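I opened a new page for this model and wrote down what I looked up, entry by entry.

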Amino acid sequence: MATIKELAATPDRLCSGHRLCGGCGASIAVRQVLMGAGDSDVVVTSATGCLEVSTTCYPYSSWSTSFVHNAFANAAATCSGVEAAYKGLKAAGKIPADKEIKFVAFGGDGGTYDIGLQSLSGAMERGHNMVYVCYDNGAYMNTGIQRSSATPKGAWATTSEVGEVLQGKTQKRKDLVSIIAAHGIPYAAQASVGNWKDLVAKAEKAFNVDGPAFLDVLAPCPRGWRIEGDQTVEIARLATNTKFWPLFEVENGKWSMTPVKEKDLLPVSEFLKAQGRFKHLFKPGNEALLEEIQADVDAYYEYLVRRCAETV
Amino acid sequence: MPKVTTLAASGNQMVGEAFRQAEPDVIAAYPITPQTAIVESYAKFVADGRVHTEFVTVESEHSSMSACIGASAAGARVATATSSQGLAYMWEVLHIAAGMRLPIVMANANRAIAAPINIHCDHSDVMGARDTGWVIFFAETAQEAYDNTVISFRVAEHPDVLLPVMTTLDGFITTHAMERCELLDDETVKAFIGEYKPKHSLLDLENPVGHGMFANLGGAYMQAKLAERRALDNAAPIIKSLGDEWAAICGRSFDMIDCWGMEDAEYAIVILGSAAGNARHVARELRAQGVKAGVVRVRVFRPFPYAELAEALSGVKAVAVLDRSDSFGAQAAPLALEVYTALFDAPVRPAIRNYVYGLGGADVTLEILHQVYDDLDKLAAGEANPGLVYLGIQ
């Protein structure tokens, strides 16, 4: 992996001056992922969402490289079309055979776990040489914090309200990395803006495999998580240290986890209580729900440990 | 002189041949009846190494148009084909293809829209895409489907148009029936279509571009839409001129509307697509009996040839507009709405009756077409106009 000095010297493909909120995890995720492409030419596709609306306010653009936005559900299909054009134009002799371009698509969790899942699955199955990155903040933040299938159990969102009979979202988060890994693609990983070294290393791998790669990057949203803008990275780290967001990868079928030091491990409640979207969970009467969330987190972690052991 | 091969072929086969000759860099397509034979034939061209096309077998029509949009923004020549529910499923991205000014060519096998589900011909699918900003051709025959498709690539990629083009043919009737067709040699067709030279390719990284940017408040959105309207309006003379250029090569004339017997017609049918042949047959029978019957077939539906239609219908006593789709809740069906518009400013307006016919592949018999001309005779004689009628069942 490149040194931090080398990474700092990679081209700024998403430039400063964009209109994402202060502390937005998405811009950190995008910039760190693109560092993984080194000096290569990269064409960026984005699904409709915060990233797209905040970086492409016509007649301005925050992108110094070619960028395409199509719609909400179809970033993967669109990117696959761009990649197919590259192949087709190479076959036609209109692009030199040795010209290398990398293709990356970004979508939020709504655009990836939910409305864009079919498009993503199709692109992964077809084997396009592209990287799909989900910047995962666990809700439809652009439209005003509605729950998605990435929203954690118990989280408040404007469509998973907290009230007399309901305490936020009742369902668990969908395990998207396992779903994508099941496509048998060369590389799939879960990463976080809380660990830049791990994230950039995974992005490098994703850009360098021959075929599709997928990254699910935890990207806290201060507005939606009800945290301060300067807490983004700290809370992303807490997510990993509480096993809520384990960092792992599936490389050619082999599962492995980025270990957390024993001394850093904390119960999930430490992650939850740092955020306003979970504050109701700490009111009297919700003890059982907190225990249930801890049990879910432990079970998923054990599942990952098992997968890693199975594929040594 | 072009070399011409005469063959018995279906419309799907002829569209497949036109695609092969245009040789897109990317085709992204999804199967749907009765279009599938187009992409199946293309898959064989790919498998046999006859084309360099990157053939993307997507998982839905939404993704086929989405991948076409990505590929076209990346500077590739792009084509696809669909029908019915598939076209409806693309609706969102049809607007985006046109709004992003991407010269994608798509064949559509015209088919009914559910519910009830029905795989046979009508024009409900295309009319659902009427206002998406695409150029829309309607073919009557397999031969014309070929000619329209060849012309479509030139129209779409013309620097003063840069819009997607839909080349449509009637499901089963034209897609599947075998006809005598003429296929021009590859060299001639390739020379006519020429090479596509994109101006704003994503892959030209020396000159990075942004496609599909966010034009929210501030007027840029409305300016983009005005540019789109102008492009489609301006496409009309370009379509005519490219159609004439192709006509000079292939020997088949090109007109935005195809007129039969209209020099002195008193009663006219206005129609789209494959049923025009039956209408002309009946008009010919009536002519033998001394009735001055004529037929106007609209070949280019968007941009709509209002002036040509008004000219063709001047001097006619009564007009029957035959629609193979409906616009529920409107006073008239889609083609009739255009005819009313075309004739609104005419110094003398003929009487107009609107019929909906052949939905879901319902037979278009000579008897019901005779009934239409009989009705027109009565209408011209002052009988009350009953408004829109479902022909043959009402």
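Entry 1: strands across the chains. Before starting I noted the rule that two strands count as paired if DSSP finds at least two bridges between them. I also noted that the model is a predicted one. With that rule in hand I looked up strand β2 of chain A, residues 67-69, and found two bridges joining it to β9(B). The two strands run parallel.

I wrote down an open sheet of nine strands with mixed pairing, in the order β8(A)-β7(A)-β5(A)-β6(A)-β4(A)-β3(A)-β1(A)-β2(A)-β9(B). At its edges I found β8 (254-257) of chain A and β9 of chain B. Each of these has a single partner strand, so one side of each is left without a neighbour in the sheet.

Inside this sheet I checked β1(A), residues 41-46, against β3(A), residues 101-108. Six bridges join them, and they run parallel. In β3(A) I found Ala105(A) as the bridge partner of Thr45(A).

Entry 2: the side of chain B that touches chain A. I asked how many residues of chain B are in contact with chain A. I found 38 residues of chain B in contact with 42 residues of chain A. I then listed the elements of chain B that supply at least two residues each to this side: β2 (26-29), β3 (54-57), α3 (61-73), α5 (91-99) and β9 (210-211). The largest share, nine residues, comes from α3(B). By class, I noted 22 nonpolar, twelve polar and four charged residues on this side of chain B.

Entry 3: helix α4 of chain A. As α3(B) gave the largest share, I looked up the helix of chain A that packs on it. This is α4(A), residues 75-91, and the axes of the two helices are 6 Å apart at an angle of about 45°. Angles under 35 degrees count as roughly parallel and 65 to 115 as roughly perpendicular; α4(A) and α3(B) are therefore oblique to each other. I recorded the crossing as right-handed. On the side of α4(A) the contact includes Ala77(A), Thr78(A), Cys79(A) and Ser80(A). On the side of α3(B), I noted Ser63(B), Ser66(B), Ala67(B) and Cys68(B) among them. The contact of α4(A) with α3(B) has ten nonpolar, six polar and no charged residues.

I then looked at what else α4(A) touches. In its own chain, α4(A) lies across β1, β2, β3 and β4, running at about 170° to β3(A). In the other chain, α4(A) lies across β2 and β3 of chain B, at about 155° to β3(B). The axis of α4(A) also comes within 7 Å of the axis of α6(A), residues 117-126, and the two cross at roughly 35°. Here Ala76(A), Ala77(A), Cys79(A) and Ser80(A) of α4(A) meet Ser119(A), Leu120(A), Gly122(A), Ala123(A) and Arg126(A) of α6(A). I sorted this contact into five nonpolar, three polar and one charged residue.

Entry 4: chain B by itself. I noted 13 helices and 16 strands in chain B. I found an open sheet of seven strands in chain B, in the order β3-β2-β4-β5-β7-β6-β13, with mixed pairing. Its edge strands are β3 and β13 (300-302), each pairing on one side only. The twist averages 20° from one strand to the next. At one place I checked the pairing: two bridges join β6(B), residues 135-138, to β13(B), and these strands run antiparallel. Ile136(B) stands opposite Arg302(B) there. Helix α7(B), residues 142-157, packs on the sheet and touches β5, β6 and β7 (165-170) of chain B. The direction of α7(B) makes about 170° with that of β7(B).

Entry 5: backbone details. I looked for cis peptide bonds and noted one from Thr33(B) to Pro34(B), with omega near 0°. Pro34(B) lies in the loop between β2 and α2 (36-47) of chain B. Another cis bond joins Ala115(B) and Pro116(B), with omega about -5°. In chain A I noted Ile145(A), which has a positive phi of about 65° although it is not a glycine.

Methods: Residues are numbered from 1 along each chain as its sequence is written. Chains are lettered from A and ligands numbered from 1 in the order in which they are written. This is a predicted model: local features need pLDDT of at least 70, side-chain atom pairs count only at pLDDT 80 or more; totals for chains, interfaces and linings use all residues. Two residues are in contact if their C-beta atoms, placed from the backbone, lie within 7 Å. Helices (H or I, at least four residues) and strands (E, at least two) are DSSP runs, numbered from the N terminus. Ala, Val, Leu, Ile, Met, Phe, Trp, Tyr, Cys and Pro count as nonpolar, Asp, Glu, Lys and Arg as charged, and the others, Gly among them, as polar. Axes are lines fitted to C-alpha atoms, for helices over the stretch in contact, and angles run from 0 to 180 degrees between N-to-C directions. Angles under 35 degrees count as roughly parallel, over 145 as roughly antiparallel, 65 to 115 as roughly perpendicular and the rest as oblique. A crossing is left-handed if the near helix is turned anticlockwise from the far one by less than a right angle, and right-handed if clockwise.
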